[in-house]
Amino acid sequence: MKLIGPFKQVVTLANLPLRGKLSDEQLEIITDGGILVNNNKIQSVGNFEELKSENQNIEIETIEGEQIVLPAFVDSHTHICFGGNRANDFAMRNAGKTYLEIAESGGGIWSSVQHTRSASEEELLKTLLERIDFLISLGITTIEVKSGYGLDVENELKMLRMIKKAQKQTKATLVPTCLSAHLKPRDFEGSNQEYLNYIITEILPKVKEEGLAKRVDIFIEKSAFQPEESKDFLLKTKDLGFEITVHADQFTPGSSRIAVEVGAKSADHLEATIDEDIEFLAQSNTVATALPGASLGLGEKFTPARKLLDAGAILAIASDWNPGSAPMGNLITQASILATFEKLTTAEVLAGMTFRSAFALGLEDRGRLENGLKADFVTFKTNNFQNVLYNQGSLNAENIYIDGNKI
C-alpha cells in the first residue's frame, strides 16, 4: 500500500452524473489531499495527513511543491496507426481546394491507405509507439486506436497486429477498433455492399480468431457508406459478437439516429447533427463524442456540445488524431478550444475526457478518483486545477501515474 501526496487540490470527479450538463460547483475538490493506492487500485482519497495517520507503516510518495491531481484522461477516438502524412492536403485545403479536388489529385484517405500499406510492420509499430508516448505525456493513459488504412485482409490485420504488439510495449491501455469500413478501397472490384460483405466474411472472422479487436466502426457519409447498407452491416457485426461505434453526422445528418437504433456504444463527430437527432441521442445510452480536432483541421463547425449536454446526452471529447483531418493530436488544446466556442464548464470538459469517454469504450473502472477504481491519474504543477484548460494545452503534465506507479 502507498500514499501519494500531499496535493494542493485533488479533483476527484466523484459522484458526477454520467449524462447531461454539469456545473463547476458540483466538483469535489479536496485540498491538501492524498491518494492511497493498493494493488493498482485507488483505496481511498482524502486529506493527506488524515490518511497518513490512519495508515501507519505504509510507503509514502511525497509530492514536492504545489501540484494538483486529476483522473488520467481517456482518448476514445484516434487513428494513430498510419503511415506517411498528408501535409499537402492541409495546404491545399487552406488554399481553397475541395475534398473531391484533393482526393482526385492523390490526397485524402486513399493516400493514407497507400502509405500504410507500403509501410513495414516495424515502421508502423515505431510511429504508433511514438504517438502513444506523446498522448501519455499529456496525461492520457487510455487510448482507442482504429485500423482503417489497410482496407483489405492483409493490411487491416497488419494494422491490428501492430496495435496488439504496441500494447505489450506500453503501460497505457490500448482499445483496438476495426474500421475496415472506412471507405471502399479503389482497388476493390465490386459495390459498397459487396465490400461490406467482404469485411463480414473475410476480415472480421480473422480479427475475432486472433483476438485483435472487440469493436467495429463504420463511416456513414455520402463519400463512404450509405445509411441502409451501414445499418445492415452494423447489425451483422453485432450478431458476430462485436461492440459497435459509428462515424456519424460529420458532413450530413441522419447517421447518429442509426447509431442509436442499432445500440452503438458511441456516435462520433456529430458536427452536422440536427436538433431532433440531438433529442434522440439524449434519450439513449449511445455516447455523443465530439471531435474538435477535426473541426479545427477542416475549418468546419464544432459538434453542438452545449445543446447535447442541455438535452441530457452523454458527451465525450476525443482527439480524432489522424493524418488528414485532425493531425494535431493534442486533446487538451482541442477540448479547451471546444469549451470556448460551445460554452462548456470546466466540469463538463473534464468529465468528457475522463469517465464519460471511458464509458464510450465500455470501461467503467477508470476516469474518477474513487475507491476501487484503476489508479490512473495525472498531476500538474499549479495551485489551481482551472489552469489546465485556461492554458489551452501549454501547461504540461508534471507526472503521470498508471496503476498507481509514476511512469
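This report describes strands, helices and selected residues in a predicted model.

## Ground rules

Residues are numbered from 1 along each chain as its sequence is written, and side-chain values use heavy atoms, with hydrogens and water left out. In this predicted model, local features need pLDDT of at least 70 and side-chain atom pairs count only at pLDDT 80 or more, while totals for chains, interfaces and linings use all residues.

Helices (H or I, at least four residues) and strands (E, at least two) are DSSP runs, numbered from the N terminus. Two strands pair if DSSP finds at least two bridges between them.

## The parallel sheet

Start with the open sheet. It has 8 strands in the order β6-β7-β8-β9-β10-β11-β12-β13, and the pairing is parallel. The edge strands are β6 (73-75) and β13 (315-317), and each of them pairs on one side only. From one strand to the next, the twist averages 25°. Angles run from 0 to 180 degrees between N-to-C directions, and axes are lines fitted to C-alpha atoms, for helices over the stretch in contact.

Strands β6 and β7 are joined in the parallel sense by 3 bridges. Asp75 has Ile143 in β7 as its bridge partner.

## Two helices on the sheet

Helix α7 packs on the sheet and touches β8 (173-181) and β9 (215-219). Its direction makes about 150° with that of β8. Helix α8 lies across β8, β9 and β10 (243-248), and runs at about 175° to β9.

How do α7 and α8 sit relative to each other, at what angle and how far apart? Helix α7 (residues 192-209) packs against α8 (residues 227-239) at about 10°, and their axes are 10 Å apart. The two helices are therefore roughly parallel; angles under 35 degrees count as roughly parallel, over 145 as roughly antiparallel, 65 to 115 as roughly perpendicular and the rest as oblique. Residues of α7 that meet α8 include Leu196, Ile199 and Ile200. On the α8 side, Phe233 and Lys236 are among them. The contact residues divide into 5 nonpolar, 4 polar and 3 charged. Here Ala, Val, Leu, Ile, Met, Phe, Trp, Tyr, Cys and Pro count as nonpolar, Asp, Glu, Lys and Arg as charged, and the others, Gly among them, as polar.

## Buried residues

Is Glu144 buried or exposed? Glu144 counts as buried because its relative accessibility is 0%. Buried means under 20% relative accessible area, exposed over 50%, and partly exposed in between (1.4 Å probe, protein chains only). Glu144 lies in strand β7 (residues 140-146). Not counting residues up to four places away in sequence, its contacts (heavy atoms within 4.5 Å) include Asp75, His77 and Arg215.

The model has 0 disulfides, a disulfide being a pair of cysteine sulfur atoms within 2.5 Å. Cys81 shows why: its sulfur is 12 Å from the closest cysteine sulfur, in Cys178, too far for a bond. Cys81 is buried at 0%, and Cys178 is buried at 1%.

## The antiparallel strands

Strands β1 and β2 run antiparallel and are joined by 7 bridges. Gln9 stands opposite Thr31 in β2. Strands β2 and β3 (residues 41-47) also run antiparallel, with 6 bridges. Val37 has Ile42 in β3 as its bridge partner. The β2 and β3 hairpin has 2 residues between the strands, and Asn39 takes a positive phi near 55° there.

Asn15 is found in the loop between β1 (2-11) and β2 (29-38). At 69% relative accessibility, Asn15 counts as exposed. Beyond its neighbours within four places in sequence, Asn15 is in contact with Arg368 and Glu370.
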